[in-house]
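Please open the structure in your viewer and keep the selection panel at hand.

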Amino acid sequence: MDLGLRDAATVVVGGSRGMGLATARCLAEEGARVAVVGRSLDDVERAAEDLAGRGSPDAVGLAADVREPAEVESVFARLERRWGGELNALINTVGPNVQGTAEELSDEQWREAVDHGVLSIVRCVNAALPLLRSAAWGRIVNFSAHSTQRQAVNLVAYTAAKAMVTSVSKNLSLLLAREEILVNVVSPGTFVTPGLTDWARSVGIDSDDPYRLMEVIGTHYGHPAQMPRAGLPEEIGPVAAFLASRRNSYMTGANVNVDGGSDFVRVVPVRSPELGTTTVIHTVDLLEI
């Protein structure tokens, strides 16, 4: 399907790896101009080279810490000069890496979760809006998380930040609908991302096996799925690319779950001998319940 993205000006914040890079690759393969934003200059330049090889004209990597307002403003000022003052799509995939229960987390950790997970997205949206308004069409796609709908006690700050992203995005969709700038949310379930594989290695799990990863995530975090494996980044990229595209012409304010199925999963308290924590397992065949 032609998504109508050829020569479109697009930005993927957090686009140098994982689900962000997978989304950027889909945009590039559709012929969009793609800018990837991330903290590491080496990573964003490497990503831009990859995107150019996939068909993106004028792919560019921009290093910035989106927790810093001045750096966000600088990124979008550079893009305004480079691409003539117009932007068609902004995709925000960043999220905080804050773990711990509500009674364990410090005030500073809570501030980090909100600053990195929410305010960074608000900063990027505000900086991008003049460019989106100048374009013939505009889209915003923000990544939330499936964990907002299925809690895990040690992800309370991460989950709270992602819930705020969903709420802010829905409010933006209301604000911008009359201008026909569409705002939608993608809520991933368990995906084989660098963050997840780093965690898996830390607990001695084979990070290359999506079936084993889903088994462990189901028991450790209580986030099982009807499908027996974790998702791959290339399976979520096309969803985000569609929402960011001209082909999506009437969908706004939506929260799209990409989670391997979760509506009909039952959770049962157990104790995990492997991880030594009270966790849950899941039963997916409801015909037997």
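Which residues have the most contacts inside the largest nonpolar core? Bearing in mind that this is a predicted model, select Val11, Phe76, Leu79, Leu87 and Leu90, which have the most contacts within that core of 33 residues. The largest share, nine residues, comes from α4.

Now centre the view on Val11 and show what surrounds this residue. Leaving aside residues up to four places away in sequence, Val11 touches Ala35, Val37, Phe76, Leu79, Trp83, Leu87, Ala89, Leu90 and Ile91. Apart from this core lies another one, of 32 residues, and you can find it by selecting some of its members, among them Ala8, Val141, Phe191 and Val258.

Move on to helix α2, residues 41-53. At 1.5 Å a residue its 13 residues should span 18 Å, and the C-alpha atoms at its ends are 19 Å apart, which agrees. Select Val44, Ala47, Ala48 and Leu51, the buried residues of α2; they lie on the same side of the helix, because they cover an arc of only 100° around the axis. If you then show α1 (18-29), β2 and β3, you will see part of what covers these buried residues, as the cover includes those elements.

Finally, select Gly55, which follows α2 and has a positive phi, near 110°.

Methods:
Residues numbered from 1 in each chain as written. Predicted model: local features only at pLDDT ≥ 70, side-chain atom pairs only at ≥ 80, totals over all residues. Heavy atoms only, no water. Core = buried A, V, L, I, M, F, W, Y, C linked by side-chain atoms within 4.5 Å. Buried < 20%, exposed > 50% of the residue type's maximum accessible area, 1.4 Å probe, protein only. Helix = DSSP H or I, 4+ residues; strand = E, 2+ residues; numbered from the N terminus. Contact = heavy atoms within 4.5 Å. Expected span 1.5 Å × (residues − 1). Arc of directions from axis to C-beta.
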